[in-house]
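The points run from the whole chain down to a few residues.

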Amino acid sequence: MTDDLLPRIEALGEKLIAARAQTAKRVIGQETVVELSLNALLSGGHALLVGAPGLAKTRLVETLGTVMGLSANRIQFTPDLMPADILGAEVLEEAEHDGSRAFKFIEGPIFCQLLMADEINRASPRTQSALLQAMQEREVTVAGQHRALGRPFHVLATQNPIEQEGTYPLPEAQLDRFLVRIDVHYPDRDTEREILLTTTGAEEAVSEPVFTAAELIRAQEVVRRMPVGEAVVELILDLVRACRPDAPEAIDEVRQNVGWGPGPRAAQALMLTVRARALLEGRLAPTAEDVLALARPVLIHRMALTFAARARGEDLGQLIGRVAGHVARIEEAA
C-alpha cells in the first residue's frame, strides 16, 4: 500500500459516514439498499433497483444525487419513449442575422452525471438499447458524432417486479452492464412507523451535499487502488466459474438447474464491489466475507435458471448462496 493511500481511505471513511447519515434523513430503514447503492457509485458502476411501488426507490436516487453532489436527471420510461427522447437530436435552426440554416444538437436528459431510469422495463427494446453504449462507454453516438457524457456517469434504474403487463424484459447484454441488482423489500413494523411519523409532518427532512463530483471521482480512484489479497482473488474466480453450468468447476446443482452463467464482467464487478464494501466499513482491504455478502447482488442478474428448474420452483438467489458457501468451505479447507 502506497504512503498516500492510508490517509485517503481514512478521510473517505469519515465522509462516507456523513453521506449515510444525510441519506438516512430521507430514506428510512433501508440500510442495505443504501449501502449497495453507495457501493455502486464508489465502484463507478450502475445499479438496478427492483421492488414494489412505494418503497422509496425514486426518493433514494434523488437523495443520492444531492448527497453525492451529482447533476441528476430522471426519465420515466414508457412504451412510446423513443431513443431521441433519451439521447437528444439534431434540429435545423435558422440564424436571425442572415437567415442561414444549420443543424444544432439538442442534448437529451442522458447528458448528466446521475441518470434515474424509472421503470426501465416499460420501454421498448429499441429504446432500452439506447442506453447500452452510454452505460459501457460513457458516450453516445448521434448522427455519426461521438458525444461524451458527464463524468462520472451512473445509471440507477428502477423496476417493478409485480406488474409485468405492458413491459419488456431487459436483454442479457443490458443486465450485464448493471454492476449490482438491489432488491428493495417492505420495511418492518417499527421502520414503517418511523416512516409514517417522519414523512407526514408539516416539514420534511432535507439532505445536504457531502461529496462533489470531483471528490467522488477521486474516491473511485482510491477503490481501484485498494489491495486485494490472493485468497480473495481466488475466491472470486472460483465462485464465478462455479456458477457456469458448462465449467469444470461447476457443482452438480449448477449443472442441473442453471441455463447460463456469469461472464468475466461478473468477476470484475466482484473485484470492485468487495473493495468498495471494505471502504464503506472502514477497512483497508476486502475479505472473503465481502465476497460472500456481494455474491447475490452481483450474480443474480447475470444468471438464469433452466425452464425445468423454474417449474420446480427453484430460487436463483438461494442457489447462489449455496454455491458461494460451498466454494468458501473448499477455500477454507485448502
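1. The protein has 15 helices and 11 strands, where helices (H or I, at least four residues) and strands (E, at least two) are DSSP runs numbered from the N terminus. This is a predicted model, in which local features need pLDDT of at least 70 and side-chain atom pairs count only at pLDDT 80 or more, while totals for chains, interfaces and linings use all residues. Residues are numbered from 1 along each chain as its sequence is written, and side-chain values use heavy atoms, with hydrogens and water left out.

2. On overall dimensions, the radius of gyration is 21 Å, which agrees with the value near 20 Å that a compact globule of 334 residues would have; the radius is taken over C-alpha atoms, and the globule rule is 2.2 Å times the number of residues to the power 0.38. Along the principal axes, the C-alpha atoms fill a box of roughly 80 × 45 × 45 Å.

3. Of the 334 residues, 47% count as buried, a term that means under 20% relative accessible area, with exposed meaning over 50% and partly exposed in between (1.4 Å probe, protein chains only). Among contacts with a separation of 6 or more, 77% come from residues 24 or more positions apart, a contact being heavy atoms within 4.5 Å.

4. The charged side chains number 35 positive and 47 negative, and the centres of the two sets lie 2 Å apart. Here Lys and Arg count as positive and Asp and Glu as negative, with His and the chain ends not counted, and each charge is placed at NZ of Lys, CZ of Arg, CG of Asp or CD of Glu.

5. A search of the whole structure finds 1 aromatic pair, formed edge-to-face by Phe 105 and Phe 111 at 5.8 Å centre to centre and 70° between the planes. Rings of Phe, Tyr and Trp (its six-membered ring) pair if their centres lie within 6.5 Å, and planes under 30 degrees apart count as stacked, over 60 as edge-to-face and the rest as tilted. Phe 105 counts as buried because its relative accessibility is 14%, and Phe 111 is buried at 16%.

6. Helix α11 (residues 252-257) includes Asn 257 and Gln 256. Asn 257 is buried, with a relative accessible area of 4%, whereas Gln 256 is exposed at 55%. Not counting residues up to four places away in sequence, Asn 257 touches several residues, including Ala 304, Leu 305 and Leu 319, while Gln 256 touches Thr 306 and Arg 312. Gln 256 and Thr 306 are 50 residues apart in sequence, with their C-alpha atoms 8.2 Å apart in space.
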